[in-house]
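Colleague: Please bring up the model so that we can go through it together. I shall ask as we go.

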Amino acid sequence: MVESLREFVSRFRMVGMVLGLGALAVPVQAAHRSSDAVKAFNKTLGRGINLGDLLEAPYEGAWGIELDTADLSRIAAKGFRSVRIPIRWDGKGDDKDHTFERALRTSPYTVDPRFFARVDAVVEQARRAHLAIVLNDHHHDSLFRDFENEAPRFLAIWEQIAEHYRNLPTDSVAFEILNEPNGQVTSDRWNRLLDTTLRIIRSSNPTRPVVVGTANWGGPGGLGLLELPDDTNLILTVHDYAPMTFTYQGASWIDPIYPTGVTWGTTLDRRAARDGADAIASFAKDADIPVLMGEFGTTVVGDSVSRSLWAATKARLYEQRGFSWAWWDYKEPEMGLYRPGKNDWDEHLLGALFSSDTSVLSLGDPPAQEMDLIVNGQFDGSAGWHLVQIDSGKGTFRTDSGYAITSVLENPLREAWAVEICQKNMVLLPGRSYEVSLVAWADTITNIDMWVGHGAEPWDTYGTSGDFHLRTTRRSFSWGFEMAAGDSLGEVCINLGTRKAQIRVDSVKLMLSKEVGLRERPRVEPNIRQVGPHLVAEGRKPREEWLVDMRGARICQLMWRPSVNGWLADLRRAPSGRILFLEHRGIRVLRCD
């Protein structure tokens, strides 16, 4: 018989496998083969959708939407084959009472029967609609903030979930252990926690499909640091929001908010999408594990041509490689496919997701390039570059034999940008495409990334690379982005990651391309700035009607009135002394009396 939960926690405390603070050696991939049953289940998942902002909210309705009895049948009627159900077991209440803890905060960490009943009802609705299901643990914030004390509670919750749902069919219901491990759940800790949780699940669900993701927010950059347990019924999940400057433009939860007006679809864009899918497929082939792209999606403020092309390209890339996928999201206000207020779907985007047209994958000829904006990309000395150390990060930077030698010595907050090398004062042109490339390697397995943005407050982001997985041999990396507006104070930074490592960098380039993006451009939004107690907009009337807080909650409605050169909105109705943001644009607003 498998050990009890208490014995699990005690044993792993003693050897430091879950709760210990010591570093692991470089992960070694476990040798295993996936069962035919789990591969068949992943095909059953097929084309799916996430039920975001519902059971994953701190309490149901906290984020402005609720699940109704028609939702699951509505999803099935549109042709989706599965739903991923994000669940905050760390939250409060059910659909009627928001006051009780969903799981006790003290031992034995009992999951409240009322919340189990609520999840049961959603599961039953999905099963009646003949949808395959992925149940997960989403937004387990207490674990991310306080791993040492919260890990026993997390394990206890999973023991109860596994026992409660042990009789659900294994050909239509999967468990996903943890959404987007981050914070104190580092890659080393995640490998330990993943193995322990899986053992607990297996004591009551020996053949249940179990979905496992990557640390560092669930993206492909964590693949190289993931150690898969030796289990034949696992599914790998990866989240894909690349490039975030396009997919997250205008998103209220990003600070500073990414500018709107960013398009997608250049040759560089599509090549980066292909390369990203290939990297995931290569890992999955080596590990012999099926893949669920558990989240991918864009905010609704992007132009429809770009959004549809991005969605179609990503979905066809996944399907060609045998991945299942789940769009983010169903009816979440900023990224949803279904609009509850209008009671309809975004049919244009739905058509892109369900299309069988693979011509979107054609790359065409590579774009011609005009100039390289990087100074001293071959590191003939350190001219043009400077070392930046942020939030107690410590590192070194020197050059030797035509490449940079950088070291991460300390990174207590484990942020990739705590130690970086940067160049400032670049002139970035509006409506133009750029390709960034470099060669890099390290003395141990680690991840780095790159950022291009405004080199001063509010640090607007124009392009992010995603993680580059470094090994001890030289590897080339490239990515691209497009500028919506120009900037004469552009900056490029190479973020050196969270692990203590010595990293070598060579041949850095930031190439201006002659490719200018999509033929159909989004409308140009009016320039808006704060002048004393007013917002001033030039040109046409702005579409932004609300000031929102950091979570996107609407705080104060704006009343625009014509002025000599445009439009004015009075800020004196806004809460005094509170920093707010202009919806969709991310402009910070502070009331001035």
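Colleague: Which residues is Thr-186 in contact with, leaving aside its neighbours within four places in sequence?
Modeller: With those neighbours set aside, Thr-186 is in contact with Ala-215 and Arg-414, where contact means heavy atoms within 4.5 Å. Please note that this is a predicted model, in which local features need pLDDT of at least 70 and side-chain atom pairs count only at pLDDT 80 or more, while totals for chains, interfaces and linings use all residues. Residues are numbered from 1 along each chain as its sequence is written, and side-chain values use heavy atoms, with hydrogens and water left out.

Colleague: Where does Thr-186 lie?
Modeller: The loop between β4 (173-176) and α7 (187-204) holds Thr-186. Helices (H or I, at least four residues) and strands (E, at least two) are DSSP runs, numbered from the N terminus.

Colleague: And is Thr-186 buried or exposed?
Modeller: Thr-186 is buried, at a relative accessible area of 13%. Buried means under 20% relative accessible area, exposed over 50%, and partly exposed in between, with a 1.4 Å probe and protein chains only.

Colleague: Turning to Pro-58, where is its place?
Modeller: Pro-58 is found in the loop between β1 (47-50) and α3 (71-77). With a relative accessible area of 29%, Pro-58 is partly exposed.

Colleague: What does Pro-58 touch, not counting residues up to four places away in sequence?
Modeller: Pro-58 touches Trp-63, Arg-88, Gly-91, Lys-92 and Arg-102. Pro-58 and Gly-93, 35 residues apart in sequence, have C-alpha atoms 8.7 Å apart.

Colleague: Now the helices: at what angle do α9 and α10 pack?
Modeller: Helix α9 (residues 267-287) packs against α10 at about 30 degrees, and their axes are 10 Å apart. Axes are lines fitted to C-alpha atoms, for helices over the stretch in contact, and angles run from 0 to 180 degrees between N-to-C directions. That makes α9 roughly parallel to α10, a label for angles under 35 degrees.

Colleague: Which residues meet there?
Modeller: Ala-273, Arg-274 and Ala-277 in α9 meet Thr-313, Lys-314 and Leu-317 in α10.

Colleague: How many residues of α10 are buried?
Modeller: Of its 17 residues, 13 are buried, so α10 is largely enclosed by the rest of the structure. After α10 comes Gly-322, with a positive phi near 80 degrees.

Colleague: Finally, how many helices and strands does the protein chain have?
Modeller: The protein chain has 11 helices and 30 strands. Of its 593 residues, 57% are buried.

Methods. Angles under 35 degrees count as roughly parallel, over 145 as roughly antiparallel, 65 to 115 as roughly perpendicular and the rest as oblique.
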